[in-house]
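This report describes a structure in terms of its local backbone features, its ligand surroundings and its overall build. Please read it alongside the sequence and the model shown here.

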Amino acid sequence: MCGIVGVTGKDNAVQILLKGLKRLEYRGYDSAGIYVNDQDGHEYLVKEKGRIADLEAEIGSDVHGSTGIGHTRWATHGVPSKANAHPHVSADGRYYLVHNGMIGNFAELKKQYLSDVTFKSDTDTEVIVQLIAKFAQTGMATKAAFKKVLNLIDDSSSYSFLLIDNQEPNTLYVAKNKSPLLIGVGDGFNVVCSDALAMLDQTHDFIELIDGETVIVKPDSILIEDTDGKRIERKPFHVSTDASAADKGAYPYYMLKEIDEQPGVMRTLIKHYISEDGSIKIDDNILQSLHQSDRIYIVAAGTSYHAGLVGKELLEKVAKIPTEVHVASEFGYNPPLLAAKPFFIFLTQSGETADSRQVLAQVNELGYQSLTITNVENSTLSREATYTLLLYAGPEIAVASTKAYTGQIALEAILAKALGELRQVATAADFDVAKELTKVANGEQELVDEKKDIKKIAAALLPTTRNAFYIGRSIDYDIVQEAALKLKEVSYIQTEGFASGELKHGTISLIEKGTPVLAVITDKHTAKHTRSNAQEVMARGANVVFIASRSLAKDGDQIVLPDVHPLLTPLVAIVPCQLMAYYASLQRGYDVDKPRNLAKSVTVE
Ligand code: AGP
């Protein structure tokens, strides 16, 4: 949610901020703004509704500076508008603030301290900058006023703040609590950003911040203090990702690029986690901790939750260990009765999802062990878990997650194999995961090479519909929940991923002439049942498309999938479903990578 950037000590601050915001646009894209000053009494505040391109169009050629802050927004408090865009400025014109997160007690603070202040926006953030100015007007130094306000913010809040006092034009005041924030270390300059991706053109060395810390950043210094004001020295970590990895190259959209990258993601995972001799390269401590547990709890949100559903199949059927899968936002406030020796697996592409992080905080408090499977090194859920396994899938920029979903499932398969071997269960011995994932990679390649066929089907099936259904049973039910989410996310077609056997118990009443229904059939034990359920909806006028494994396909099936291991069929079956969503969105003229109302990394609860 929201992307923030800052720079001090670079004459082309405007260009650096704009490039950084473009890289962070996946975090929110309903309005944006920058503030810069030139250390010589000239300062500029430019804000606009819409994309960074809309903001850029508003920035005059005279706008320049060497210190500045910027923001791209995902609205929480106050509609997307120029007035509600960040940076927010104090009534006395002295302070400028950008914020990522939500202030739980902003209304109370406004009522208690700011009844005499005229507000320009409906945001929680403006309350903070007005309050800082209020305290500074009592003679307090900016640092003290900033810290006083931070202490007044309640625990339910989340924030990363970048503040500029135009009386100290080359200084960035920084604070972090729950929302991600990094300091990028330069030579004669320094930068601040929500995600390293934003500043990889400037530096590859970043300092992570811990909740409650504040930082004063100048061109030649970075002063970190903890909640008690004690100075903290921390070494930067190096980010090896190349800035170009975040570019979409010749692709029209990141989503299509990332769908096409899935075969490569399989091969990279095999390379990283499986030796030539087939032995699995996973830290033995992780395997021992999993082995000593009596129940695994997979906790995640959205697409990652759907990858967890398949992870349960793999861990239970290959490693024979009881596994539950939970929606993070539910688990956080309504946890199940836990087993005696639980082990927690957090699946998260971004590593920053607030709902999952909230659960991890509880797990840490209870002293249980945890593993985060993520695509972002040094992300919060990686740092705060006992163990981490990385996806090595490369930056995933499109809001609709694709290669992270298949990467998570493939890594769960590798983990299940290793754990099963440690537990000496026969099913693991028979599961040659390297060979099976290679078969999957070849199958995915075949499907992405035939994407034009999916384009035609989408054009025929989904041109104008307001609703659609994906149906399937057992592991196909896991697949269709993700397939439905993809179609909903990017084409705004109301889509349900439904257990096909459950249709006749009510939901079939929604079926009428022309209702699109996509039946997924990769499980031989339930194939004929799903086909009869498809017949039942066809009898009521539904427009049915069959997506079936080659060994289960029948004449007339529109999409035939390469045969792969029965526990890995989601890795091939999801590809045509991802493409279906992509083309349905494209055919409706939507921005496939930045669907309305969404953001890539959901850092507020
Ligand atoms: C998926 O396409 C969505 N972007 C969303 O559901 C996402 O999967 C969810 O927010 C979880 O994100 P995470 O994997 O980064 O934790």
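## Backbone features in loops

Y392 is placed in the loop that runs between strand 20 (387-390) and helix 13 (403-422). The model is a predicted one, and in it the phi angle of Y392 is near 50°, a positive value in a residue that is not glycine. With a relative accessibility of 37%, Y392 counts as partly exposed, since that class covers the range between under 20% for buried and over 50% for exposed.

A positive phi value, again near 50° and again in a residue other than glycine, is found at Q424. This residue belongs to the loop between helix 13 and helix 14 (426-429), and Q424 counts as exposed because its relative accessibility is 72%, where the cut-off for that class is over 50%.

A further feature of the backbone is the cis peptide bond that joins H86 and P87, for which omega is about 5°. P87 itself lies in the loop between strand 4 (67-72) and strand 5 (88-89).

## Surroundings of the ligand

The ligand is surrounded by 14 residues, of which S304, Q349, S350, T353 and E489 are the closest. By type, the residues of this shell divide into eight polar, four nonpolar and two charged.

In the case of Q349, a backbone N or O atom lies 2.7 Å from an oxygen atom of the ligand. For S350, an N or O atom in the side chain is 2.6 Å from an oxygen atom of the ligand, and for T353 the corresponding distance, from a side-chain N or O atom to an oxygen atom of the ligand, is 2.5 Å. The protein buries 91% of the 410 Å² that the ligand exposes when taken alone. Helix 9 (302-318) and helix 17 (475-491) are the elements that give two or more residues to the shell around the ligand, and helix 9 gives the most, with three residues.

N467 is found in strand 21, which spans residues 467-472.

When neighbours within four places in sequence are left aside, N467 is in contact with I493, Q494, T515 and P516. The C-alpha atoms of N467 and L510 are separated by 9.5 Å, although these two residues are 43 residues apart along the chain.

## Overall build

The protein contains 19 helices and 25 strands. Its radius of gyration is 25 Å, close to the 25 Å that the globule rule gives for 605 residues, so the protein is as compact as a globular protein of that length. Taken along the principal axes, the box filled by the C-alpha atoms of the protein is roughly 80 × 55 × 45 Å.

Of the 605 residues in the protein, 61% are buried. Among contacts between residues at least 6 apart in sequence, 71% join residues at least 24 apart. The protein exposes about 22,600 Å², and carbon and sulfur atoms supply 50% of that area.

How values were computed. Residues numbered from 1 in each chain as written. Predicted model: local features only at pLDDT ≥ 70, side-chain atom pairs only at ≥ 80, totals over all residues. Heavy atoms only, no water. Near = heavy atom within 4 Å. Polar contact = N/O pair within 3.5 Å; in protein donor to acceptor, adjacent residues only side chain to side chain. Areas by Shrake-Rupley, 256 points an atom, 1.4 Å probe, with all protein chains shown as cover. Helix = DSSP H or I, 4+ residues; strand = E, 2+ residues; numbered from the N terminus. Nonpolar A, V, L, I, M, F, W, Y, C, P; charged D, E, K, R; others polar. Rg over C-alpha atoms; globule rule 2.2 N^0.38 Å. Buried < 20%, exposed > 50% of the residue type's maximum accessible area, 1.4 Å probe, protein only. Contact = heavy atoms within 4.5 Å.
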